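Please look at the sequence and the 3D view before reading on.

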Amino acid sequence: MTGEERDWRAEARALAQALLQEGIGARVAEAIARVPRHLFVPPDLAERAYEDSALPIGCDQTISQPFVVAYMTELLEIHRGERVLEVGTGSGYQTAVLAELGAQVYSVEIVPELSLRAEKVLKAAGYSSVHLCVGDGAVGWPGFAPFDGIIVTAANEGVPPALIEQLDTGRRMVIPIEDEDASQFVWRMTKRADGRVDGERMLAVRFVPMRSTRTTPAGE
Ligand code: SAH
């Protein structure tokens with residue numbers, strides 16, 4: 001079945017309804033209901049696009065589970081017109097959900113092929129308030145800092161210091177962190193006036209690890 005033939009809006013609404021029942025708030029659920037998720041998954045998996053599950057998107061990466069996208073989006077507490085840094089564009093689905101909330105999204109992806117594909121899909125779906133670039137998200141996107149929110153969608157062993165620097169005071173960073181025993185949790189970090197962050201451990205999750213370019217000599 002192609003994207004045109006299916007009634008994807010009904011499927012997206014049903015997904016949003018299920019998320020509401022799981023405790024996601026109305027504003028984020030409505031954003032989920034408006035995003036054509038089938039465009040962000042490989043064509044052979046499009047039929048499963050509105051299931052509440054993560055799916056492979058190639059390059060050993062996955063599009064996150066809608067519940068996790070919704071949950072992390074809520075933790076950000078972002079409002080219309082605010083600027084969000086996303087680390088790990090992947091399929092671009094999380095980017096689209098943030099754009100639906102009216103955010104100006106700056107999204108960094110380390111795999112060029114994924115960034116290019118996400119850019120095409122986001123453009124085709126009509127999202128114009130998104131800015132993508134290829135690079136190591138651990139260094140953030142200093143040219144557009146400070147951000148009103150930062151969301152990281154790959155797992156880290158700690159919070160990259162550059163990201164704390166690029167977060168505005170009083171605002172939130174939502175980031176999956178791996179413990180020593182390899183279990184992972186989403187943390188919500190709030191930046192204090194003294195430049196440090198307070199962290200709260202939230203949901204147990206499973207994200208792919210952050211890749212690093214920092215071992216590569218500069219310029220390569
Ligand atoms: N938000 C995505 C899920 C992405 S999965 C979605 O909704 O589809 C995690 C993504 O982080 C992958 O695309 C991976 O390539 C990317 N990634 C891993 N390490 C990274 C890094 N250091 N900087 C930027 N992106 C990174």
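On a 1 Å grid over the protein atoms alone, a pocket is an open set of points with protein on both sides within 12 Å along at least five of seven lines, while a cavity is a set of points where a 1.4 Å probe fits but cannot get out; lining residues have an atom within 4 Å of a point. Grid points are joined across faces, edges and corners, and a volume is the space filled by probe spheres set on the points. The model is predicted, so local features need pLDDT of at least 70 and side-chain atom pairs count only at pLDDT 80 or more, while totals for chains, interfaces and linings use all residues. Residues are numbered from 1 along each chain as its sequence is written, and side-chain values use heavy atoms, with hydrogens and water left out.

**Pocket**

- The largest pocket has a volume of about 560 Å³.
- Its lining has 37 residues, and Thr62, Thr153, Ala154, Phe207 and Val208 lie nearest the centre.
- The lining divides into 20 nonpolar, twelve polar and five charged residues (nonpolar: Ala, Val, Leu, Ile, Met, Phe, Trp, Tyr, Cys and Pro; charged: Asp, Glu, Lys and Arg; polar: the others, Gly among them).
- Elements that each supply at least two lining residues include helix H3 (66-76), helix H4 (93-100) and strand S9 (197-204) (helices, H or I, of at least four residues and strands, E, of at least two are DSSP runs numbered from the N terminus).

**Sheet**

- Seven strands form an open sheet in the order S5-S4-S3-S6-S7-S8-S9, with mixed pairing (two strands pair if DSSP finds at least two bridges between them).
- Strand S5 (130-134) and S9 stand at the edges with a single partner strand each, so one side of each has no neighbour in the sheet.
- Strands S6 (147-152) and S7 (167-178) pair in the parallel sense over four bridges, and Phe147 stands opposite Leu167 in S7.
- S7 and S8 pair in the antiparallel sense over seven bridges, with Met173 opposite Met189 in S8.
- The hairpin of S7 and S8 has five residues between the strands, and Ala182 in this hairpin takes a positive phi near 70°.

**Arg172**

- Arg172 is found in strand S7.
- Arg172 has 18% relative accessibility and therefore counts as buried (under 20% relative accessible area, with exposed over 50% and partly exposed in between, for a 1.4 Å probe and protein chains only).
- Beyond its neighbours within four places in sequence, Arg172 has contacts that include Leu75, Asp148 and Arg188 (contact means heavy atoms within 4.5 Å).
- Arg172 and Leu98 are 74 residues apart along the chain, and their C-alpha atoms are separated by 14 Å.
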